[in-house]
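Visitor: Please show me how to read a few features of a protein model.

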Amino acid sequence: MKRILVVDDEEKIRSIIRKYGEFEGYEVAEATDGMDAIQKVKADSNFDVIIMDVMMPELDGFSACTEIKKIKNIPVIMLSARGEEYDRIHGFEAGVDDYVVKPFSPKELMMRVKVVTSRGKSEEDDADIFKYEGLEINFTARTVSIDGKRVEMSPKEYELLFYLVRNKNIALERERLITEVWGYDYYGDDRTLDTHIKLLRNSLGEYRKLLITLRGVGYRFEA
């Protein structure tokens, strides 16, 4: 049985998610704020996904996500009453795997949980090293370095970059990228892809030039 940790200072929200989660066959645990969530993960890190609110007392969701990722890379779905690009970018930089704006549909949230928990690392990722001038991508270690310095990215940035590089010099349609990187059952919108492309370009620095935008089509990693 897969396990969900629901983190929200509103008991009503926790109760609704617990109800739908248990109906879908998940084991559901609760935390009342960011600090409580960190302590629960320290005590038991065997959660398959964390659903966490942004605005909470003691410690906000973004900060809690950052600390939890240091303990174990558990997928995090962030809940927020705001959906501005800045909040999405801040969340993805903190390592958030998905972002849901309140008010949300519990059924849609469970679909997103299903997508996040069913993702598996492709065997293709366990192979060789890609090098281009000072850029080095180690698929086995899942690391990216520029001029010998490690570049820290969110889990989804890594997945997107690895897929782009694996298919370098090929025009990749937006729909294909979303399907291959986020999954066939992804229920988000194109802004999620655009946000991650923006973050990825910032992470690549001078090598952002390798990530080509194909207007009306998608993107291509050219090397």
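This is a predicted model: local features need pLDDT of at least 70, side-chain atom pairs count only at pLDDT 80 or more; totals for chains, interfaces and linings use all residues.

Guide: Residues are numbered from 1 along each chain as its sequence is written, and side-chain values use heavy atoms, leaving out hydrogens and water.

Visitor: What is the order of the strands in the open sheet of four strands?

Guide: Strands of a sheet pair through backbone hydrogen bonds, either parallel or antiparallel. Strands (E, at least two residues) and helices (H or I, at least four) are DSSP runs, numbered from the N terminus, and two strands pair if DSSP finds at least two bridges between them. Here the order is S6-S7-S8-S9, with antiparallel pairing. S6 (129-132) and S9 (149-150) each have a single partner strand, so one side of each is left without a neighbour in the sheet.

Visitor: Which strands does helix H6 touch?

Guide: Contact means heavy atoms within 4.5 Å. Helix H6 (residues 155-166) packs on the sheet, touching S6, S7 (135-138) and S8.

Visitor: Is Leu-161 buried or exposed?

Guide: Buried means under 20% relative accessible area, exposed over 50%, partly exposed in between (1.4 Å probe, protein chains only). Leu-161, placed in helix H6, counts as buried because its relative accessibility is 0%. Not counting residues up to four places away in sequence, Leu-161 touches Ile-137, Val-144, Met-153, Leu-200, Leu-204 and Phe-221.

Terms used: Axes are lines fitted to C-alpha atoms, for helices over the stretch in contact, and angles run from 0 to 180 degrees between N-to-C directions.
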